[in-house]
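Colleague: I am new to this one. Please show me how to read a few of its features.

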Amino acid sequence: GLFMGLRNGQVVKIFLDNPFAISVLKLNTSIRCLDINSNRTKLAVVDENFLLQVYSILTKELLFQEPGANSVCWNIQNEDMLCYSGNNFLSVKAANFPPHQQKLQGLVVGFSGSKIFCLQGHSVASVEVPQSASLYQYLEKKQFREAYAVACLGVTETDWQGLAMEALGGLDFD
């Protein structure tokens, strides 16, 4: 199915072989942008007030919100990582950790691994974003499996060594 955000604040799912749309979520404001994560459990929505809201699709529960966003994309290689742009910044958020930011103009239109695709004027630029900040957020919480998954997206050799040493220190050999 295809998810669509409408001006009346409704998010619907449509199928090519079905004339009826399925209501997924209803907000009070018009929707500017939306994206669904790769395992189809979370929906990120940016409304006309530039508020990013992430919902669980199963429970319709609001998981978190961030102000100042104008576009959002989930990472297609990591279902718990998203990026959003707004106020001339690009923000990358992993799980429930605070986002890390860098200066960037444009609208995010894609996120794969450590590469983010941004619409800048009439062209799409790809930006390589190091995943070190997300890696160390997971390491602080001793979440080694998640840290390994982030490291696979693209970190430095020094970051890999840091992950190895932390995992050894935590007696996590998987």
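Modeller: Helix H1 (residues 132–140) packs with helix H3 (residues 157–169) at about 5°, and their axes lie 11 Å apart. Helices are DSSP runs of H or I with at least four residues, strands are runs of E with at least two, and both are numbered from the N terminus. This is a predicted model: local features need pLDDT of at least 70, side-chain atom pairs count only at pLDDT 80 or more, and totals for chains, interfaces and linings use all residues. Residues are numbered from 1 along each chain as its sequence is written, and side-chain values use heavy atoms, without hydrogens and water.

Colleague: How are H1 and H3 oriented to each other, roughly parallel or roughly antiparallel?

Modeller: Two packed helices are described by the angle between their axes and the distance between the axes. Axes are lines fitted to C-alpha atoms, for helices over the stretch in contact, and angles run from 0 to 180 degrees between N-to-C directions. H1 and H3 are therefore roughly parallel (under 35 degrees; over 145 is roughly antiparallel, 65 to 115 roughly perpendicular, the rest oblique).

Colleague: What do strands E6 and E7 do?

Modeller: Pairing needs at least two DSSP bridges between two strands. E6 (residues 51–56) and E7 (residues 62–67) pair in the antiparallel sense over five bridges. Val-54 is opposite Phe-64 in E7. Five residues separate the strands of this hairpin, and Lys-60 has a positive phi near 65°.

Colleague: Is Asn-75 buried or exposed?

Modeller: Buried means under 20% relative accessible area, exposed over 50%, partly exposed in between (1.4 Å probe, protein chains only). Asn-75 lies in strand E8 (residues 71–75). Asn-75 is buried, because its relative accessibility is 0%.
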